Amino acid sequence: MPQSVLSGGPTLPQVRRLVTAIPGPNSLALTARMAKAVAHPVTPTMPVFAAAAGGGVVVDVDGNSLIDFGCGIAVTTVGNAAPGVVEAVQAQVASFTHTAYSITPYEGYIRVAERLADLTPGDFEKRTMLANSGAEAVENAVKIARWYTKRDKIVVFENAFHGRTNLTMAMTHKEMPYKAGFGPFTPDLFRAAMSYPFRDQLSGPEAAERAIAQIEAALDPGTIACLVIEPIQGEGGFVVPAPGFMAALSAWCTAHGVIFIADEIQSGMARTGDMFASTFEGVVPDLVTIAKGVAGGLPLSAVTGRAEIMDAAQPGGLGGTYGGNPVACAAALAVMDMIKSDGLLARARQIGAILTGRLKAFQASDPRIGDVRGRGAMQAIEFVKPGTLDPDPALASAVAKYAHSQGVIMLTCGTYSNVVRLLPPLSISDDLLTEGLDILGQALVA
Ligand code: PLZ
């Protein structure tokens, strides 16, 4: 393989290029080994093995160059193997890889916390704790809210996805494949109706009134520690709540001493054209959970929020061996630099305009596309049986499979598995973006 392919990052040719069938022979050979070595419930969407990635492409082990509309599930927002990230990681890894922040701390962790305090909504004093995965951030946010409020109950929403650990599985809505067979789960949970304009036709305030009525009918608000909500739902279908929904919930939380937690793990860190999607809703969460895009592909997550809440628990009550790993912190600092220096918020909005333009044009002549929605570089189409709201998961799956066969990485999502979502890296060229959308258009015809 030519050096340019193996070196990854921006040196990769920015083209879609198929030199074998997808998957190719080398991927097929790895798939056979995978079946004998890797637990089967860990199931890749595409049996195509990566060799290098950067800009807007992923190059596989057969030399195929695929357009990346997935970003490893909304992670490599600044680009895969982004030069700034690579340089920062290489420098850090050569000086020390780990000491455990809870044993002998280091400055990188503090710098990440300082930056996140600036970038998250709200101009009050904030604190941050770092962890490794999104689920771990959500778990910690709930721990923190429970300690501070001395209350147990958690309110979550329909279609929510918050992770795969025991508590976050309980908070996640969809049974298959996330929860089935993995219980029992905490009983301290109430799931309220989400604002889903395409399906409920309610305004934000109406949808909030419905959710609040459900919550108050089921629970004494004085027992609720926190309400956890994705400002734009991710795995649940890229559901964008109607304007005013989040604000009404946030006001209700404040009135009842309930901690308002925005799970910005998928929607945060420049993905939507702002640092955090809460900002669009004019909402200032008490706590924000952050992961995915924050560290350019290295495992890092965070809870950032009001100092008095974050500081409440006993010394040593929060932590973990790897949380805020120095190499991941170095990557995160580089990511935050790049978002600013490369104007990536504006780029996300530009990408959003290109995506929305094309997706709405597809919708105009295709009654199977019930809804086009999203913000910035986080856009989706929801498939239905024409003239109804009946989900069409078979079509979403067929469209994604066709795209895969043509060298475009495309993901589905949704409680009914009938949504195709587009999550390109902000480093993608307009040409590749357009080419990927052309293939989506062909998939709709095919
Ligand atoms: N909260 C809003 O989107 C992760 C999960 C994919 P982890 N989403 C992708 C899968 O198959 O598990 C996610 C999210 C929101 C929490 C999480 C959990 O983040 O880093 O996967 O634990």
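This is a predicted model: local features need pLDDT of at least 70, side-chain atom pairs count only at pLDDT 80 or more; totals for chains, interfaces and linings use all residues.
Glu 235 sits in a loop that runs between strand 7 (224-229) and helix 10 (245-256). With a relative accessible area of 13%, Glu 235 counts as buried, because the cut-off for that class is under 20%. Apart from neighbours within four places in sequence, the residues in contact with Glu 235 are Ile 73, Phe 161, Tyr 178, Gln 266, Cys 413, Gly 414, Thr 415 and Arg 421. Val 419 lies 184 residues from Glu 235 along the chain, yet their C-alpha atoms are separated by 9.5 Å.

The side chain of Glu 235 makes a polar contact of 2.9 Å with the side chain of Gln 266. Gln 266 is also among the closest of the 14 residues that surround the ligand; the others named as closest are Gly 134, Ala 135, Arg 164 and Asp 263. Phe 161, another residue in contact with Glu 235, has a backbone N or O atom 3.4 Å from a nitrogen atom of the ligand.

| Residue | Protein atom | Ligand atom | Distance |
|---|---|---|---|
| Phe 161 | backbone N or O | nitrogen | 3.4 Å |
| Asp 263 | polar side-chain atom | nitrogen | 2.7 Å |
| Gln 266 | side-chain N or O | oxygen | 2.8 Å |

On its own, the ligand has 510 Å² of accessible area, and the protein covers 82% of this. The shell around the ligand is made up of four nonpolar, five polar and five charged residues.

Key:
Residues are numbered from 1 along each chain as its sequence is written. Side-chain values use heavy atoms; hydrogens and water are left out. Helices (H or I, at least four residues) and strands (E, at least two) are DSSP runs, numbered from the N terminus. Buried means under 20% relative accessible area, exposed over 50%, partly exposed in between (1.4 Å probe, protein chains only). Contact means heavy atoms within 4.5 Å. A polar contact is a pair of N or O atoms within 3.5 Å; within protein, one must be able to donate a hydrogen and the other to accept it, and residues adjacent in sequence count only if both atoms are side-chain atoms. A residue is near a molecule or strand if one of its heavy atoms lies within 4 Å of it. Accessible areas come from the Shrake-Rupley method with a 1.4 Å probe; for residues, only the protein chains shown count as cover. Ala, Val, Leu, Ile, Met, Phe, Trp, Tyr, Cys and Pro count as nonpolar, Asp, Glu, Lys and Arg as charged, and the others, Gly among them, as polar.
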